[in-house]
Amino acid sequence: MAMIRKAAVIGAGTMGSGIAAQFANAGVPVALLDMAQDGVADRRFLTRQAIDRQMKAGGFMHPSAAALVTPGHIDDDLALLADADWIVEAIIEDPAIKQSLFTRIEAVRKAGAIVSSNTSTLSRARLCAGMPEAFVKDFAITHFFNPPRHMRLLEVVGVAEDAAVVRAGEALLGKSVIVCRDTPGFIANRMGCYWMAMAAMEAMAHGLSAEDADAVAGAPFGVPRTGIFGLFDLVGIDLVPLVWGSLIDTLPENDGLQRYAITADATFRSMIAEGRFGKKSKGGFYRQSPEDRKRREVVDFASLTYRPEQSEPPAALTAAGNDLRRLCADDDPCGRYAWTVLKRIVGYASAVAPEIADDVTAIDTALELGYGWRRGPFALADAVGTRWLADRMQAEGEAVPRLLELAAAADGFYADGGRTVTRSDGSRAPKRRRAGTLALSDVKDNGAPVRRNESGALWDIGDGVACLELTTKLNIVDDGVFDLIEETLEAVPAGFLGLVIGNDDQRAFSAGASLAVLLERIERGDFAGLRSFVARGQRSFQALRHAPFPVVGAAFGLALGGGCELLLHCDRIVAHAELTAGLPEVNVGLIPAWGGCAQRLLRAMSDDGVKGPVACPVRVFDGVAAAKLSSSALDAHADGILRASDLIVMNRAHLLHRARDEAVRLARGYSPPGPAEIMSPGLTGLASLMNGIHGERQAGRISDADVAVRTVLSRVLTGGGADATRPVSEDTIYALELDGVMELAQTATTKSRIEHMLKTGKPLRN
């Protein structure tokens, strides 16, 4: 990775301050500069305000990261750029103003420092015109997407695939970087703006309402539920003249977008003239009813007045479900519209690919990450059938782009299970992954699992390391997972140095124990079976903790309840920066019972900031009783879920690779941890916690059911409330967890909470 020890961002608007926050999230000090606010004495007011705005908007992964951002003024503090390794310009989209700033940057930056412009409308060639050769050599366009913390896509223009800015963008900032050609709109906006304009104007041409068009062009295409018109409302209809206007002015007359010049469309022009910009104003194509805020209204295209939104989906969509090919075969306005959108987006992508990208993967990835598509246009074409697409287009007299015809002849743009992709010239090439990345999908393409059952699999991921993958819904833990853990404990010592627990799922490491299993045994009154299930979880997780090989958790997404407890038993956690971890069992009327209490207490004991035997259970109680979930890996570290020795990885694609490396490192001279003792505060600690519980009840903030759960939790965390402060064994806490969860499982309120969670996905406050 390129060594970026310090960064600078010039321009403290929403995007610039968000980019600065992401540098800070990565642990990099960053200077944020802007002009002065008219009439305000503090010349750094705008940048201070921008930092506060990012704090409120969630741009920082933890409040502590904000301390890494230094507010500055472009005139007073330009010297802050002198030792920056990467300088990002994020000011107004005016080439003359940008170049003037570049001249000032060039006068103070150190040799070799990266300079990049965050732009989506201006070409690199135009921005570099007349600039010194030394500046041009180090200059790139870095097109971030908003919000920079959460949007994974970063388009980079003007560098090679292995350039320092690409490596830093991926490893340091956690982005999926696409190296683009210097063409209008680059890739994501070239394709996305065409799709939005085409789909909107075709909807009106086919006589569809906004809500019907959004339904048809949404879920069946794997597009976010905003659809087309909802997306215009989200990004701002007032941006049409700037963004679409720039593309229309720049692209040649024969480009497909010229057919859909929405800047001249009467509906869009009227919306803009009347200030109906979307979410940023009082309404756009949709709005909340002024009379009833719970009711949504939509623009009628004929009158441009608002009417109630229709709640029923179109009949053609109901009949076809999400089967896009079936929907396209329906000879009604919705079916004809779906077919038009499909053939136009695949046709346009196929036509412009040789100009804008090296291969089809770059275009698919840009739309998947930049616009939230489940699969890009080429993957979508493969799903419905490239031969069917090409034949139908030809039968209708449509010109079939060469790239689509080649794909139809070869049965798709992707071949060999996705291992081979189509290049923009029509040739085929193996799928490439950048250094430092590892995906289980690649492992699966090249071999069979070491072990497998209905709940997961064990894979050889190389370098002498095995990977335990859960494959249940949201990777929940059930009896099949325990079966596989038992097999893993036998298989790893026989052929591997260590174990990683992780997978390719983008949503969840593990959402916890199977509530369906718990409820089924509660409803049958099979409390002996329930006790056996909980005890088996304790034994399985403890066996991993004391295994004769290192266990590394590759944590990401949701790690809740039992999933978090599985992580807590690992020797090391390598966490993706966006980790939502915690023990929310109280939401279903239970307490952590797979060692979560014991392991959280052990972590609290090792935290230098937690002093005394009473402070440890209090800290754990506060998090568990509130069902606190981390908002990031930095937050999980502050909460005590992650230890100082655990690692944080910014890029999800690097997670398994880094976890594997850590397993190899730990395997050298490895010995498992021995039995641990936990200092119990006895009756003093129990009384302290109970006083707080009774105070909360008297204030009406918790119910009697909450009191029951918290009382059991307090008893477990204080070692059973022994007479005096004394050490208790780790096993004692596990036994108390088991007894406590069995006590709660037999109450009506807990049964109701589990039923409600399974039915609604939300906690019941009974």
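Reader: Where is the place of Pro 147?

Author: First, a word on the source: this is a predicted model. Pro 147 has its place in the loop between strand 6 (139–144) and strand 7 (153–157). As a general idea, most peptide bonds are trans. Here, the peptide bond from Asn 146 to Pro 147 is cis, with omega near 0 degrees.

Reader: Which residues other than glycine have a positive phi?

Author: In general, most residues other than glycine have a negative phi. Two cases may be set side by side. Asp 411 has phi near 65 degrees, and Asn 475 has phi near 55 degrees. Asp 411 is found in the loop between helix 18 (402–409) and strand 12 (414–415), while Asn 475 is found in the loop between strand 17 (465–470) and helix 20 (479–495).

Reader: Is Asp 411 buried or exposed, and is Asn 475 buried or exposed?

Author: The class follows from the relative accessible area: under 20% is buried and over 50% is exposed. Asp 411 has a relative accessible area of 67%, so Asp 411 is exposed. For Asn 475 the value is 2%, and therefore Asn 475 is buried.

Reader: How is the packing of two helices to be read, and at what angle do the axes of helix 7 and helix 15 cross?

Author: The axes of helix 7 (residues 188–205) and helix 15 (residues 360–370) cross at roughly 65 degrees and come within 9 Å. The crossing is right-handed. On the side of helix 7, Ala 188, Met 191 and Gly 192 take part, and they meet Ile 363, Ala 366 and Leu 367 of helix 15. By class, this contact has 5 nonpolar residues, 1 polar residue and no charged residues.

Reader: How many aromatic pairs does the structure hold?

Author: There are 23 aromatic pairs in the structure. One of them is formed by Phe 102 and Phe 135, with 5.2 Å from centre to centre and 35 degrees between the planes, and this pair is tilted. Phe 102 lies in helix 3 (residues 95–108) and Phe 135 in helix 5 (residues 133–137), so the pair ties together parts that are 33 residues apart in sequence. Phe 102 has a relative accessible area of 0% and is therefore buried. Phe 135, at 0% relative accessibility, also counts as buried.

Reader: Why is the pair of Trp 195 and Trp 373 edge-to-face?

Author: The angle between the planes decides the class, and an angle over 60 degrees counts as edge-to-face. The planes of Trp 195 and Trp 373 stand at 75 degrees, with ring centres 5.0 Å apart, so the pair is edge-to-face. Trp 195 belongs to helix 7 and Trp 373 to the loop between helix 15 and helix 16 (377–384), and the pair thus links parts of the chain 178 residues apart. Both Trp 195 and Trp 373 are buried.

Reader: Which residues do ring pairs link into a cluster?

Author: The cluster consists of Phe 229, Phe 232, Trp 244, Phe 268, Phe 285 and Phe 301.

Reader: Which residue lies over the face of Tyr 286, and which over the face of Phe 556?

Author: Arg 296 lies over the face of Tyr 286, at 4.0 Å from the ring centre. Over the face of Phe 556 lies Arg 652, at 3.9 Å from the ring centre.

Reader: What does Gly 284 show about separation in sequence and in space?

Author: Such a reading sets the two separations against each other. Gly 284 and Ile 237 are 47 residues apart in sequence, and their C-alpha atoms are 7.4 Å apart in space. Gly 284 is found in the loop between helix 11 (266–273) and strand 9 (286–288), and is buried, with a relative accessible area of 0%. Beyond neighbours within four places in sequence, its contacts include Asp 233, Met 271, Val 299 and Tyr 306.

Reader: Which residues does Gly 740 touch?

Author: Not counting residues up to four places away in sequence, Gly 740 touches Ile 591 and Val 712. Gly 740 has its place in helix 30 (residues 730–745) and, at 2% relative accessibility, counts as buried.

Conventions: Residues are numbered from 1 along each chain as its sequence is written. This is a predicted model: local features need pLDDT of at least 70, side-chain atom pairs count only at pLDDT 80 or more; totals for chains, interfaces and linings use all residues. Side-chain values use heavy atoms; hydrogens and water are left out. Axes are lines fitted to C-alpha atoms, for helices over the stretch in contact, and angles run from 0 to 180 degrees between N-to-C directions. Helices (H or I, at least four residues) and strands (E, at least two) are DSSP runs, numbered from the N terminus. A crossing is left-handed if the near helix is turned anticlockwise from the far one by less than a right angle, and right-handed if clockwise. Contact means heavy atoms within 4.5 Å. Ala, Val, Leu, Ile, Met, Phe, Trp, Tyr, Cys and Pro count as nonpolar, Asp, Glu, Lys and Arg as charged, and the others, Gly among them, as polar. Rings of Phe, Tyr and Trp (its six-membered ring) pair if their centres lie within 6.5 Å; planes under 30 degrees apart count as stacked, over 60 as edge-to-face and the rest as tilted. Buried means under 20% relative accessible area, exposed over 50%, partly exposed in between (1.4 Å probe, protein chains only). A charge sits over a ring if NZ of Lys or CZ of Arg is within 6 Å of the ring centre and within 35 degrees of the ring normal.
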